[in-house]
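Subject: Structure for your review

Dear colleague,

Please find below the structure I promised to hand over. My notes on what was found in it follow directly after.

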Amino acid sequence: MLYLVGLGLSDAQDITLKGLEIVKKAKKVYLEAYTSVLTVGKEKLEEFYGREILLADRETVEQLADDLLREAATDDVALLVVGDPFGATTHSDFVLRAHQANVRVEVIHNASIMNAIGCCGLQLYSFGETISQVFWTDSWQ
């Protein structure tokens, strides 16, 4: 099973209880690290969750998705996503690929910038189109 687990917006403690249970039981846990970043590093997550976390950069998520899905076909695999898993089209694509490969998927939602922006007085109804801006790396252009 592939689990897409939203981490919320701030630090390791923003994960939901359901998300934390999945992180603790999954055979492998990946941290998607190119569409957004937390205010804490991977090491802090590992310390709080009590387990190893593998970084999933853009190449892993977009080009090696089939490898990750093969793992999820036989074992529980969690992909941790900053904010909510459906805050970027990358993760919607991941779900579609999983369904095409007959891999079961469960999504654990969490807070995202799209709903947290309300604290500034802005409302979702007033936004135009939104985009995800990824981080550039030396190896991906």
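Leaving out residues up to four places away in sequence, Val95 touches Leu4, Phe86 and Val105, where contact means heavy atoms within 4.5 Å. Val95 belongs to helix α5; helices here are DSSP runs of H or I with at least four residues, strands are runs of E with at least two, and both are numbered from the N terminus. With a relative accessibility of 12%, Val95 counts as buried (buried means under 20% relative accessible area, exposed over 50%, and partly exposed in between, with a 1.4 Å probe and protein chains only). Between Val95 and Leu2, which are 93 residues apart along the chain, the C-alpha separation is 8.8 Å.

Please note that this is a predicted model, in which local features need pLDDT of at least 70 and side-chain atom pairs count only at pLDDT 80 or more, while totals for chains, interfaces and linings use all residues. Residues are numbered from 1 along each chain as its sequence is written, and side-chain values use heavy atoms, with hydrogens and water left out.

As to the chain overall, there are six helices and five strands. Read from the N terminus, the order of the elements is β-α-β-α-β-α-α-β-α-β-α. The radius of gyration is 15 Å, close to the 14 Å that the globule rule gives for 141 residues, so the chain is as compact as a globular protein of that length. This radius is taken over C-alpha atoms, and the globule rule is 2.2 Å times the number of residues to the power 0.38. Taken along the principal axes, the C-alpha atoms fill a box of roughly 45 × 30 × 30 Å. Of the 141 residues, 39% count as buried. Among contacts with a separation of 6 or more, 79% are between residues 24 or more positions apart.

Helix α5 (residues 89-100) also packs against helix α4 (residues 65-74), at an angle of about 55° and with the axes 10 Å apart. The axes are lines fitted to C-alpha atoms, for helices over the stretch in contact, and angles run from 0 to 180 degrees between N-to-C directions. The two helices, α4 and α5, are therefore oblique to each other; angles under 35 degrees count as roughly parallel, over 145 as roughly antiparallel, 65 to 115 as roughly perpendicular and the rest as oblique. On the α4 side the contact is made by Ala65, Asp66, Leu68 and Leu69, and on the α5 side by Phe94, Arg97 and Ala98. Five of these contact residues are nonpolar, none is polar and two are charged (Ala, Val, Leu, Ile, Met, Phe, Trp, Tyr, Cys and Pro count as nonpolar, Asp, Glu, Lys and Arg as charged, and the others, Gly among them, as polar).

Two further buried residues deserve mention. Leu31 is part of strand β2 (residues 28-32) and is buried, at 8% relative accessibility. Beyond its neighbours within four places in sequence, Leu31 has contacts that include Leu7, Leu45, Ile53 and Leu80. The C-alpha atoms of Leu31 and Leu79 are 5.8 Å apart, although 48 residues separate them along the chain. Ile53 is located in the loop between α2 (42-49) and β3 (54-56), and its relative accessibility of 1% makes Ile53 buried. Setting aside neighbours within four places in sequence, Ile53 is in contact with Val29, Tyr30, Leu31, Lys42, Leu45, Glu46 and Leu80.

Two exposed residues complete the list. Asn102 lies in the loop between α5 and β5 (105-108) and is exposed, with a relative accessible area of 72%. Most residues other than glycine have a negative phi. Asp138, in the segment after α6 (113-116), is exposed with a relative accessible area of 81%. From Asp138 to Glu47 the C-alpha distance is 29 Å, at 91 residues apart in sequence.

With kind regards
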